[in-house]
Amino acid sequence: MKPAAAFLTGLLLLTAPPPAAGLDGAAIAARLLQAYPDHLKAVEGNVLVWRDGTRMPLDDGAGPKSFEALLAKPDLKDQFSMEYRPGKPDTPPAENSGPGRVRYEPFFKKMYGGCEDRAMARKLVTIGWLPRHRGGKAAVTTVNKVHEHLEAVSRELDELPDRFMKYLIPLSGTYNCRTVAGTGRRSMHAYAAAIDIAAAHSDYWQWTAGGARGKFPYRNRIPQEIVDIFERHGFIWGGKWYHYDTMHFEFRPELVQ
Ligand SMILES: [Zn+2]
């Protein structure tokens, strides 16, 4: 192979998306409507209809996307391009797999509000985190009753044996008006719908030196019992991503039904 062709092939390998989840339009529509009943009314063909009459296309018609395009310019359908499997994973995540990392920003911004907007402050409440263990406070959104779901998580985690507490306390953060590190994309923390548990016992892909072609080994120390509790209440875990972030959980009920 000529050097230029080899270079191009290398690029294609780097940017190829992971295997598709294979959900059809009807399944995607059903998942969205079931996950966000307070906001969404119906799906009419390719259009998602909100209760206030707003209409959003499910498919932008741009065709198959590279991994980078999935993250940078997704549509609503693309959010389901990788399957999130609840429960204990059999293997580390496949290269570039990151179910939940694809977020169509207009959808979440409309639902939760923009953190640069003062109106969003009225949607935040403070909850006690693992009160039996004096875990401190956490600011979360009331939109989609995320605060109630997170309190339910907290109650169950509070009942776990003491050996689990080092993973959960001190919390590393919930609400934070910021973008995903190294990108211009809004984090679920900016909507107060995500939580980072204890960073000291967590692993993050950017903390690992990349090897050949930027690959890096998977690492995790978070016990599955903790992941199971979050998933039961509609939160996905960043430990199921190739670009892993094992302290990170975010409310994405459309992916863990
Ligand atoms: Zn996080």
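Leaving aside its neighbours within four places in sequence, which residues is Phe 107 in contact with? Its partners are Leu 32, Tyr 36, Leu 40, Leu 48, Trp 50, Met 56, Leu 76 and Gln 79, where contact means heavy atoms within 4.5 Å.

## About the model

This is a predicted model, in which local features need pLDDT of at least 70 and side-chain atom pairs count only at pLDDT 80 or more, while totals for chains, interfaces and linings use all residues. Residues are numbered from 1 along each chain as its sequence is written, and side-chain values use heavy atoms, with hydrogens and water left out.

## The chain as a whole

Let us start with the overall picture. The chain holds seven helices and eight strands; these are DSSP runs numbered from the N terminus, helices being H or I with at least four residues and strands E with at least two. Of its 257 residues, 47% count as buried. Buried means under 20% relative accessible area, exposed means over 50%, and partly exposed is in between, with a 1.4 Å probe and protein chains only.

Among the contacts in the chain with a separation of 6 or more, 63% come from residues 24 or more positions apart. Pro 37 and Asn 144 show such a separation in sequence: they are 107 residues apart along the chain and 8.6 Å apart in space, C-alpha to C-alpha. Pro 37 itself sits in the loop between helix H2 (25-35) and strand S1 (40-44), and it counts as partly exposed because its relative accessibility is 42%.

## The nonpolar cores

Phe 107 returns here. The largest nonpolar core has 53 residues, and Phe 107, Tyr 112, Trp 129, Leu 157, Ile 197, Ile 226 and Phe 230 touch the most other members. Apart from it lies another core, of five residues, including Phe 67, Leu 70, Leu 71 and Met 82. A nonpolar core is a set of buried Ala, Val, Leu, Ile, Met, Phe, Trp, Tyr and Cys residues joined through side-chain atoms within 4.5 Å. In soluble globular proteins, nonpolar side chains tend to be buried together.

Just after H7, Gly 234 has a positive phi of about 95 degrees.

## A three-stranded sheet

Three strands form an open sheet in the order S1-S2-S3, with antiparallel pairing. S1 and strand S3 (55-57) are the edge strands, each with a single partner, so one side of each has no neighbour in the sheet. From one strand to the next, the twist averages 25 degrees. Strands count as paired if DSSP finds at least two bridges between them.

S1 and S2 are joined over four bridges, and Ala 42 has Val 49 in S2 as its bridge partner. Strand S2 (residues 47-50) is joined to S3 by three bridges, with Val 47 partnered by Pro 57 in S3. H2 packs on the sheet, touching S1 and S2, and its direction makes about 170 degrees with that of S1. H4 lies across S1, S2 and S3, running at about 5 degrees to S2. For these angles, axes are lines fitted to C-alpha atoms, for helices over the stretch in contact, and the angles run from 0 to 180 degrees between N-to-C directions.

Each hairpin has a glycine with a positive phi. In the hairpin of S1 and S2, with two residues between the strands, Gly 45 has a phi near 65 degrees; in the hairpin of S2 and S3, with four residues between the strands, Gly 53 has a phi near 95 degrees.

## One disulfide

The structure has one disulfide, meaning a pair of cysteine sulfur atoms within 2.5 Å. Cys 115 and Cys 177 form it, with their sulfur atoms 2.0 Å apart. The link is right-handed, with 70 degrees about the S-S bond. Cys 115 lies in the loop between helix H4 (105-112) and strand S4 (124-128), and Cys 177 in the loop between helix H6 (165-168) and strand S6 (194-196), so the pair ties together parts that are 62 residues apart in sequence.

## The zinc ion

His 189 (NE2), Asp 196 (OD) and His 248 (ND1) coordinate the zinc ion at 2.0 to 2.1 Å. Donors are N, O and S atoms within 2.8 Å of the metal (3.2 Å for Na, K and Ca), and sites may look incomplete because water is not among the atoms. Both His 189 and Asp 196 are buried.
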